[in-house]
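Colleague: I am new to this structure, so please take me through how its features are read.

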Amino acid sequence: MTARREFLAGVRDALPLALGGAPFGLLYGTLVTSNHLPALVGQSMSFILYAGSAQVVIVPLLAAGTPALIVIGIALVINLRHALYSAALAPHMRPLGRPLRMLLAYLLTDEAFAVTITRYQSSVAGQPVHVYLLGAGLTWWLEWQIGTAAGIFVGGQMPANWPLDFAMPLMFIGLAVPMIKDRASLLAAVLAGVLALGLAGLPYKLGLVLATLIGVGAGMLADARLAKRKIQGSPTG
């Protein structure tokens, strides 16, 4: 597949999810307005920081005058999961130049990682999947900037009881379910989900990070054991 087709495939796959996640950008924009932060600050955070869940968490902290070091620390903890994403994608990105790797790292989101790692798993040698990530990442980036601007613009005109925060969980469920293809991935997903609920009370979203690490670890162990059993059960094993 050519780079152009790979780019368009990324845009095509990202577009439905971007539309589904648009309410989250709207929610962030309204949060900026309701916390009386300047519109330029809110929009600049979406442009420079570009970290949806971290932005939603730190806006009230900024409005409350929380010290900058604490705000930065919380944002880093919330985004620890990106270290896992980077570790998974690093082998594929190693041949690329530093500027392109930096751009792709900037555009990497939960959704972009989910569709890109799936793309890599089904790719053939020489397929420019990094261009697919570029197309998908730019689509979500644009959606987030527009969502932020729209949320800031409509601000307090939206009814407070609109449940916009339901959009992200639904989108993540839609991303995760197609990736469950065997017993190991099912174990990882179920265990991570149960732990995420059980550890939700931990501060700074640490429960989510721990649930992810334990779920991934359990899935990897299960996958290795199942592969070993398969080899031992084969006629030549």
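Modeller: A crossing of two helices is called left-handed if the near helix is turned anticlockwise from the far one by less than a right angle, and right-handed if clockwise. Here the crossing of α6 and α8 is left-handed, whereas that of α2 and α8 is right-handed. This is a predicted model, in which local features need pLDDT of at least 70 and side-chain atom pairs pLDDT 80 or more, while totals for chains, interfaces and linings use all residues. Residues are numbered from 1 along each chain as its sequence is written, and side-chain values use heavy atoms, without hydrogens and water.

Colleague: At what angle do the axes of α6 and α8 cross?

Modeller: Two packed helices are described by the angle and the distance between their axes. The axes (lines fitted to C-alpha atoms over the stretch in contact, with angles from 0 to 180 degrees between N-to-C directions) of α6, residues 98-107, and α8, residues 129-154, cross at roughly 45° and come within 9 Å. Helices here are DSSP runs of H or I with at least four residues, numbered from the N terminus. α6 and α8 are therefore oblique to each other, since under 35 degrees counts as roughly parallel, over 145 as roughly antiparallel, 65 to 115 as roughly perpendicular and the rest as oblique.

Colleague: Which residues of α6 and α8 meet?

Modeller: With contact taken as heavy atoms within 4.5 Å, L100, L103, L104, Y106 and L107 of α6 meet H130, L133, L134, G137, L138 and W141 of α8. These contact residues divide into nine nonpolar, two polar and no charged, where Ala, Val, Leu, Ile, Met, Phe, Trp, Tyr, Cys and Pro are nonpolar, Asp, Glu, Lys and Arg charged, and the others, Gly among them, polar.

Colleague: How does α2 lie against α8, roughly parallel or roughly antiparallel?

Modeller: The axes of α2, residues 39-48, and α8 come within 10 Å and cross at roughly 165°, which makes α2 roughly antiparallel to α8. In α2, A39, G42, Q43, S46 and F47 meet W141, W144, Q145, T148, A149 and I152 in α8. The residues of this contact divide into six nonpolar, five polar and no charged.

Technical notes
Helices (H or I, at least four residues) and strands (E, at least two) are DSSP runs, numbered from the N terminus.
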